[in-house]
Amino acid sequence: MPDPLARYLFDEPSLDDTANEVSDETGNGYGGMAVNGVTTSATDPVIPGGTGTHYYGTFDGSDDYVALPGLPNLTDSFTITAWIKADDLGNDQRIFADDQTNNGGFALSLGDGGNGKLRFFSRSVNPIIVDTQNPVISAGTWHHVAAVHDVTAKTRTIYVDGVAVMLNTGGTSSVYTGTWGSDPGAASIGGENNAAGGEAVPRWRFKGSLDEVRVYTEALSPSQIQAVRDEIHPCVATGLDHIRLEHDGQGLTCMGEAVTVSACADATCSNLYMGQVTLDFSSPAGGWNPDPVTFTGGTSSVSLSHTTAGSVVLDATASSPVTASSVECINSSGGNACEMIFAETGILLDGDDGDGSPESAVPTQIAGKPSQTGYGATTQRVRVVRTDNATGACVPGVGNQTLDAMFSYLLPVAAEGLNDDSLSVVAASSATLTAAGSGQMLQLAFDGNGTAPFSFTSQDAGRYQLRVEMAIPAVDPDGVPTGATIAVSDTSNGFVVRPLAVYADATGNTRAQDADGNPFKSAGEAFTLGYKSLRWASGRDNDNDGLWDSCASSTLTDPGLYARVPAWNIGQPGADLQQPVGGNPGSLVHGGGDAAFTVAATGVDKGGVSYSEVGIIQLQQNSLNPFLGEGVPLCSPYIGRFIPADFSFAITDHGALLNSCTGSGFSYAGTPIGYAAPQLPAAIITARNSSGVTTQNYTGAYNKLPLSGINMPNITSDGTQLGADGVTKVGLNWSIGMPGLIDNGNGTLDFGLSGDTFTYDRTANDRVAPFTSDLVLSVQSITDDDGVTAAGMPQSFTPTGVEVRYGRMAMQNAQGSELLPLHVPLQVEYYAGSANGFVANGADLCTAGLTAGLKSPVGQVVIAGGSRNTAIYAPAAVAGAYAADDLSDSSLLFVQPPVAGEFNLNLQPPGQGNTGSAGVEVVVPSWLKYIWSGSAMDNPSAKATFGVFSRPSGLIYQREVY
């Protein structure tokens with residue numbers, strides 16, 4: 001965990017608007033000044049207790065704030081964290097701001113985007129504003145908030161109670177463009193400062209409580225955010241309230257007895273005074289070591305020796321600083337609070353015989369694990385000690401004998417243990433304790449040093465004490481047994497027995513290991529997490545590190561054998577994205593709030609949990625709230641695969657059609673009409689969670705949408721144009737080209753059509769006046785391989801249309817003199833409607849590539865061979881073998897594309913006396929053929945006749961014979 005740049009605990013008992021009074025606990029010197037009456041309080045801290053969060057700042061929402069004049073501008077990566085408890089959820093309440101002049105600065109605030117919503121804005125980037133998608137703050141409730149800026153990734157993220165929340169820009173991380181800036185003014189906590197002009201008013205001031213404000217110069221990770229949220233510290237106070245002396249009520253005359261001294265900062269000693277304290281012991285008058293004692297840090301330990309059997313009363317006086325309150329005593333044995341009874345003979349309950357101390361604390365245990373086995377293995381001992389009359393030293397009180405002892409367990413705090421725990425004790429004999437305070441007799445085998453080993457196993461978790469009661473054989477001053485017994489007892493420290501681990505899994509979890517695994521839930525869909533508190537068992541911790549060896553397994557299963565626990569709020573565990581590697585981490589959202597074990601439960605099911613992204617997750621091992629101050633790992637298999645809730649389909653371009661008759665402004669029916677690139681039909685398909693936010697991990701192997709999953713039914717007619725019958729729409733044929741589906745790598749896919757052609761039919765019913773095409777290309781449905789479908793379907797592409805004309809090539813018979821070139825009318829036409837029929841298509845600038853030929857000569861007209869006497873005035877590329885030899889007269893040449901619809905088809909005159917006829921045929925494309933006879937579409941043809949008409953006027957002689 002990186003060190004913060006600045007850390008403001010607000011642990012000052014009072015504030016008086018002086019410089020640097022709001023301490024920066026890092027020692028970096030960025031202390032703040034309370035302005036306009038900021039106060040502190042400790043009545044409702046975030047985490048109560050001597051180790052918790054202690055005091056916090058209170059802000060009136062009118063003019064209060066804390067000025068931070070020395071804090072540097074933050075332009076690289078940074079993280080701001082704070083605990084907040086809001087009295088008002090609206091306005092523009094600044095939690096942390098560096099925006100005095102509204103010029104390049106930033107702020108984390110509450111209420112700007114709506115009641116209960118957080119905002120993280122920066123005036124130098126785009127977008128300026130990032131709001132939480134939903135209200136995330138409740139009034140009167142402590143929430144941990146964090147604003148993370150990552151300058152490398154150019155992202156902003158907002159965390160609430162350790163979890164990244166959904167943002168109005170989509171997802172839990174918002175990308176920006178531009179360069180992060182800075183404001184020349186000073187930063188502040190709890191409101192805009194007094195130099196902020198029009199924003200130095202109540203609307204921009206926080207109303208409520210703030211605590212533990214931290215500034216980091218790094219973009220903290222989710223697990224680091226959670227660690228900051230969970231951090232506690234000994235509560236520091238600047239005023240000493242009173243002194244507390246804690247002891248177990250009994251001691252031996254041959255050795256010093258430990259007494260714990262605490263410097264209390266309040267009446268309940270929930271918070272400690274951390275400054276230097278000097279304490280003089282006044283009762284008993286001697287025997288204290290050291291006396292006086294000087295200490296810092298809130299607590300110290302001293303020893304009290306008293307060589308005479310009997311009771312003493314403990315008392316002391318703080319000489320620096322002075323406190324008027326009397327000493328408070330805590331006697332863990334339940335006797336008179338300030339009374340300690342010294343005896344010449346007694347027993348010591350040693351919790352760890354390996355540490356060199358005759359009376360050690362029992363260390364933390366694991367439920368189900370024998371205390372002398374595995375992790376933290378220790379042997380406990382009962383030591384019988386008496387005072388040697390000659391030397392005053394401690395000597396064994398018994399030796400090499402077996403004695404009865406009454407064992408019991410106690411609950412030092414009733415709510416922190418189970419009064420029906422099953423706790424087994426093994427010594428020379430064994431016993432199982434099943435009720436708090438109810439003893440069982442067993443035998444202890446004492447060695448020559450007066451010590452007897454034992455071990456114990458607690459099946460359940462909690463905080464417990466062990467108590468041993470014995471009747472010790474009395475001896476005379478010479479060590480000879482008298483036949484009498486001495487009743488003695490000792491009670492251990494309060495020690496914690498924690499679960500080995502908590503096993504968790506989701507109900508119905510498919511435990512997918514990769515993208516090919518079965519789907520579990522859609523992103524944002526609620527599911528239930530079940531938690532079970534596990535005991536230690538042989539084979540679960542083979543490396544003796546106190547952790548379940550299999551905890552990190554992706555295929556983990558419930559091993560059984562559970563430990564009951566007292567009431568335990570485990571919080572809202574986090575999750576790490578395991579697949580796809582490097583994907584968007586998403587958010588595990590606990591819609592039902594914290595999960596909590598009830599008293600004596602071994603498990604808890606918590607519903608309303610959801611995950612916002614696509615992929616596979618695993619619960620974070622270190623994300624549980626501590627168990628009585630001890631960490632307990634959370635172990636789960638892979639949970640998932642999570643898939644999108646649905647797709648959205650948004651058309652970005654309907655496309656446009658391109659006229660098939662190039663440069664002519666229309667298209668012939670029967671010609672393939674394509675798209676006018678680059679204006680192609682295009683759409684974006686977005687994978688979404690149940691809140692409509694893009695699931696960015698729907699990419700690569702986790703993208704399960706094939707091209708075949710996009711259902712586009714074939715179309716066979718125009719969208720609106722009716723045929724000649726006035727009932728049936730004109731027909732067409734859609735030839736599908738190469739549709740494309742491109743994975744953009746961020747949860748979106750680009751879908752587009754290209755290479756398609758649309759050919760209108762040319763049946764009799766399709767012969768209508770020119771019309772503008774109306775194509776309706778419907779995307780009926782979208783379904784991926786997991787069955788995820790698109791919402792809001794069907795949708796249709798409607799490409800911009802073109803004018804469609806029903807065309808034909810028409811040729812007329814021709815007659816003329818055998819001495820003159822003969823013009824054969826050949827023109828391209830389109831149908832102009834029933835009133836006008838076919839008319840010349842003067843707009844045609846595209847028809848070319850026609851070929852012409854002669855056939856069926858009659859009379860003296862010869863079309864082939866060496867005696868050929870007629871031909872077509874066109875090059876061989878058009879007329880082939882029928883091309884005229886002399887093409888010098890350009891006025892006679894065949895032209896294509898046509899001029900005003902005409903191709904200027906002319907035949908060579910056969911010459912004097914060569915009368916007769918020949919057939920002329922022009923081969924045209926299919927869309928210009930027509931039913932000239934019969935029922936089949938055919939090329940146009942005509943009869944050219946020579947020698948029918950007279951020669952031109954100006955003749956010298958003419959005679960007509962009848």
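What follows is a walk through cores, ring pairs and charges over rings in a predicted model.

Start with the largest nonpolar core, which has 44 residues. Select Tyr8, Leu71, Ile95, Phe96, Leu118, Ile137 and Ile189, the residues with the most contacts inside it. Then colour strand β7 (residues 78-86): five residues of this core come from there, the largest share.

Now centre on Ile95. Beyond its neighbours within four places in sequence, Ile95 is in contact with residues including Ala82, Ile84, Leu118, Ile189, Phe206 and Leu210. A second, separate core is worth a stop too: it has 40 residues, among them Val614, Ala683, Ile782 and Val802.

On to the rings, with 33 aromatic pairs to browse. Pick Phe527 and Phe642: their ring centres are 5.7 Å apart and their planes sit at 45°, so this pair is tilted. Phe527 is in strand β48 (residues 527-534) and Phe642 in strand β56 (residues 639-643), so you're looking at a link between parts of the chain 115 residues apart. Phe527 is buried at 4% relative accessibility, and Phe642 is buried at 0%.

Next, select Trp568 and Phe597. With centres 5.6 Å apart and planes at 15°, they count as stacked. The pair ties strand β49 (residues 568-571) to strand β52 (residues 595-597), and both residues are buried.

For a whole cluster joined by ring pairs, show Phe78, Phe96, Phe106, Phe120, Tyr176 and Trp180.

Last stop: Arg805 lies over the face of Tyr830, 4.3 Å from the ring centre, while Arg808 lies over the face of Phe838 at 3.9 Å.

How values were computed
Residues numbered from 1 in each chain as written. Predicted model: local features only at pLDDT ≥ 70, side-chain atom pairs only at ≥ 80, totals over all residues. Heavy atoms only, no water. Core = buried A, V, L, I, M, F, W, Y, C linked by side-chain atoms within 4.5 Å. Buried < 20%, exposed > 50% of the residue type's maximum accessible area, 1.4 Å probe, protein only. Helix = DSSP H or I, 4+ residues; strand = E, 2+ residues; numbered from the N terminus. Contact = heavy atoms within 4.5 Å. Phe/Tyr/Trp six-rings, centres within 6.5 Å; stacked < 30°, edge-to-face > 60°. Lys NZ or Arg CZ within 6 Å of the ring centre and 35° of its normal.
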